[in-house]
Structure formats: structure tokens, C-alpha cells
Amino acid sequence: MTDSLGFIGLGLMGSAIASRLQSRHPLVVWNRTRAATASLAQAGAEVADSAAEVFDRCSTVFVMITDESAVDEVLAPVDLRQKTLVQMSTVPPAYSAALAARVTAAGGRYVEAPVSGSRQPALNGALIGMLAGSPDAVDDVVPLLAPVCALIARCGEPPRAMQMKLAVNTFLITLVTGLAESFHFAETHELDVRLLEQILGAGPMASFVSRAKAAAIVAGDFAPQAAIPDVAKNARLVVEAARENGNTATLMEACLSLYAEAEGLGNGADDMAAVITAFRARTGRRRS
């Protein structure tokens, strides 16, 4: 056993978060695709041969992978006794609550730790963390996330952090989708989109997100910060959680359709701002 932290899942967000953690702590990492570990290994991280090895070597392990099936696969061979699992993947709240019970029953500690923000804020240490778990476990995890987060909110017991993440994502996704529709309206009326960008950027609705996504739309630069498939997944989780609770999710249902369409149009590797392609395609079909 070492005092290293473990990190499993080095995708767009995971690799950025892991690089911030490594600035303060020795790191043992694993990713299904080993090539994704290269930059962290060059910076000094140790690369494990399996996810189980990460848990064998580390008492605290961060996990940020695709979905609940991937989490189950990673945890299947793992002895969780005296381990702290920091679960950063965005998963259904009901699944997270059940996983918390499973980890506790196995003698481990479970902390939900979804974050709000995209890759660049992650690299800058400017994410918003939402934590849920036993007070002692959360107390131990908060300082570990200090290099990653500008704010850490304590949300109570699981799945309250995951539910809070979905509430935050509802605003984020509808914001960017509305912004894309605004630019599509301007395009179809032959307005100057650069002037629209300037007006929106100077107005009371402007934010870091709106300015960044507006610039991406105007430039047609959809290098991913939050990729279309991940946003579609998050929209689906919001819609499903709303339905389970018996509440409406009118805007998010529309967003889910649009992001699914954008992915189907070939934008699966693009940033969420590329949802504008779904608006363009719908208009094209209507006019044809």
C-alpha cells in the first residue's frame, strides 16, 4: 500500500482532472485504452495493468468512466474493504444510491463527486464539485479535490450530489441549446453572426459558457470540451430521473432529441455547440 491516489478513466474530463490531482499527489492510473495514460505517465504517474491493481495499491480511488455498466465491470473483482471510492461518473441517481449501499456493506466508503464544468475549467482547476457521502469520508475527499475545484458543495447523502448534478446540467444544456438556436435564427435571417456574438457577449445574459460556445459556433470550431454523446447521455439521465419522479422535463426532452440528432449527423466527436447542426438539418428538411 502506498499513499498514492488512484484514478480510473482518462477520457476528456478524467485526464484533465487526473493531471490536476497529480500536481499535488502521487498517482496510480488505469484506462481501458492504455494509450490514454501516456501523458500522465510522462509526468510521473504510475500506470497499473488493471483497475483491480489500482485498488490494491491505493486506499482512495477516483473513478470517472462512461456509465454504470462500466463502473460495475471495474468494481467486480475489487475488494472494497477499507477503500474509499470517489465516484465521479455521472450515473442514474438510483444506481448511485445502490452503489453507496453496496460499498458500505463491503466495508468501504463511498463518496459521490460529480463535477460541473468542461475540460478547460478542469485543466484550470475551476470545476464545481458536488459531494455526497458520510461526513468523515467527505471531509477526507474535500482537500484532495482542492486542485480541481473552485467550489465544493456538500450535498448530504447519496444520491443528492448526483441529483444536484442533473439539476445543474438542466440549466447548462438548455442554455447552450438556446444559444445555438439563437445563432441559427440569425443565420436563417442572414444577420451578422459576429455582431450577434458581440451583443450577447456584452449583455446581461453573458457568461463564460455563453461566450465560449458563441465563439465556437461563429468560428465553426467544435473541438470538444463537452462532447455531444456525453451531453446526450446527461440529457437522457435528466429526462429519466424526471419521469421517475413524476415531474415534467419539457425543455430537456427537446434537447435530448436535438443532441441525439446531432450525433446521428456525424458530430459524435464534436463539442456540444455543434448541436446547431441539428437545427440546420431540421430547417433544411422543412424547406426542401
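**A short tour of the model**

Hi everyone, let's start at the end of a helix: E190 follows helix α8 and has a positive phi, near 55 degrees. Helices here are DSSP runs of H or I with at least four residues, strands are runs of E with at least two, and both are numbered from the N terminus.

A word on what we are looking at. This is a predicted model, in which local features need pLDDT of at least 70 and side-chain atom pairs count only at pLDDT 80 or more, while totals for chains, interfaces and linings use all residues. Residues are numbered from 1 along each chain as its sequence is written, and side-chain values use heavy atoms, with hydrogens and water left out.

Back to α8, residues 160-188. Its 29 residues reach 42 Å from the first C-alpha to the last, close to the 42 Å expected at 1.5 Å a residue; that expected span is 1.5 Å times one less than the number of residues.

What does E187 in α8 meet? Its side chain forms a salt bridge with R280 (2.5 Å, N to O). R280 sits in helix α13 (residues 276-287), so this pair ties together parts that are 93 residues apart in sequence. By salt bridge I mean a side-chain nitrogen of Lys or Arg within 4 Å of a carboxyl oxygen of Asp or Glu. The structure holds 15 of them. Another joins R102 and D72 at 3.1 Å, N to O. R102 belongs to helix α5 (residues 93-105) and D72 to helix α4 (residues 68-75), 30 residues apart. E46, E53 and R57 are linked in a salt-bridge network.

Now to the strands. Is β2, residues 27-30, covered on one face or both? Both: L27 and V29 are buried on one side, V28 and W30 on the other. Buried means under 20% relative accessible area, exposed over 50%, and partly exposed in between, using a 1.4 Å probe and protein chains only. In a regular strand, side chains alternate between the two faces of the sheet.

Strand β1 (residues 5-8) runs parallel to β2, joined by four bridges. The chain gets from β1 to β2 through helix α1 (residues 12-22) in a right-handed β-α-β crossover: with the strands pointing away from the viewer, the path from the first strand over the helix to the second runs clockwise. On its other pairing, β2 meets strand β3 (residues 46-47), also parallel, over two bridges; DSSP must find at least two for strands to pair. V29 is the partner of F7 and stands opposite V47 in β3.
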